[in-house]
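Dear colleague,

Please find below the structure that I am handing over to you.

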Amino acid sequence: MTNPLSNIPVLILAGGLGTRLRSVVADKPKALAPIMGKPFLEIQIELLKDQGATHFVLCVGYLSQQISETFGDGSKFGVRIDYSEERDQLRGTAGAIKLAQPFIKDRALVLNGDTYLDFDHNELVARHLAEIKFGAKATCTLARLDNASRFGTVILDEHDHYVAGFLEKNINNHGPAWLNAGAYMLERNFVEAIAPDKIVSLEREIFPNLIAKGGKIAATLSSRPFYDIGTPEDYKGFSDLYQRWNHDRHRAA
């Protein structure tokens with residue numbers, strides 16, 4: 001049986017400026033932030049490769065040459081890597097995805113380049129393939145947090161099947177909530193509908209507009225821990241965690 005991810009390009013959004021991380025990673029794009037001497041992006045690629053992914057499209061912008069020099073065509077990592085570069089200006093998450101449209105045949109898995117969810121993305125693919133029969137154009141992976149005060153959150157419908165809305169970050173929301181884990185399945189016709197050459201956000205504009213027009217965004221719920229390296233504190237937290245993972249792995253070997 002063919003692994004679903006082996007036939008789907010994985011787009012990783014790795015073009016951001018990473019301004020909040022500059023105090024600790026000043027000379028590199030965020031995707032190259034070192035974790036035990038290994039770029040964060042390499043850890044993401046390893047996870048997806050182990051799950052069956054073979055083709056990656058790195059959506060790059062800020063200090064893009066450093067990323068292309070590090071990863072090349074992907075052969076040394078056992079995968080194929082192409083690049084979609086925002087040359088003139090950063091266009092937001094949806095704008096970057098639109099620019100990578102030529103690499104999308106039927107659909108694509110899209111990941112944020114600064115988040116990590118230890119989750120089998122084949123579950124997301126399977127959920128999406130089931131839901132497109134019912135008109136879904138996109139499927140989001142949602143992670144559960146005990147304290148949602150630092151992130152924007154997601155509202156689900158009454159059956160927890162579809163996304164009903166997105167809420168901005170609320171520092172007073174210290175309770176549990178579902179948040180957008182930065183992993184999506186998108187149909188090509190969804191990407192085709194994004195206006196070209198615009199600065200546009202997937203989360204703040206495209207998704208809410210789709211819901212407002214009655215469009216369906218399916219939800220895949222994950223109980224796996226979610227990590228973000230966007231701030232110095234979170235970056236250190238993930239670095240410490242990854243070091244423990246490696247220590248435990250060597251002890252078990």
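**Findings**

At 22% relative accessibility, Trp245 counts as partly exposed. Please bear in mind that this is a predicted model. Tyr227 likewise has a relative accessibility of 22% and counts as partly exposed. The ring centres of Tyr227 and Trp245 lie 6.0 Å apart with the planes at 80°, so this pair is edge-to-face. Because Tyr227 belongs to strand β13 (residues 226–228) and Trp245 to helix α7 (residues 232–252), the pair ties together parts that are 18 residues apart in sequence. Both residues are members of one aromatic cluster, which also includes Phe40, Tyr116, Phe238 and Tyr242.

Across the whole structure, a search finds 12 aromatic pairs. One of them joins Phe71 and Phe77 in a tilted arrangement, at 5.1 Å centre to centre and with 35° between the planes. Phe71 is buried, at a relative accessible area of 1%, and Phe77 is buried at 16%.

Turning to the fold, seven strands make up an open sheet of mixed pairing, in the order β5-β4-β1-β6-β11-β8-β12. Its edge strands, β5 (80–85) and β12 (216–222), each pair on one side only. From one strand to the next, the twist averages 30°. Strands β8 (residues 136–145) and β12 run parallel and are joined by seven bridges; Ala136 has Lys216 in β12 as its bridge partner.

Two helices lie across strands of this sheet. Helix α2 (residues 64–71) lies across β1, β4 and β5, running at about 170° to β5. Helix α6 (residues 202–212) lies across β6, β8, β11 and β12, and runs at about 75° to β11.

With kind regards

Technical notes:
Residues are numbered from 1 along each chain as its sequence is written. This is a predicted model: local features need pLDDT of at least 70, side-chain atom pairs count only at pLDDT 80 or more; totals for chains, interfaces and linings use all residues. Side-chain values use heavy atoms; hydrogens and water are left out. Two strands pair if DSSP finds at least two bridges between them. Helices (H or I, at least four residues) and strands (E, at least two) are DSSP runs, numbered from the N terminus. Axes are lines fitted to C-alpha atoms, for helices over the stretch in contact, and angles run from 0 to 180 degrees between N-to-C directions. Contact means heavy atoms within 4.5 Å. Rings of Phe, Tyr and Trp (its six-membered ring) pair if their centres lie within 6.5 Å; planes under 30 degrees apart count as stacked, over 60 as edge-to-face and the rest as tilted. Buried means under 20% relative accessible area, exposed over 50%, partly exposed in between (1.4 Å probe, protein chains only).
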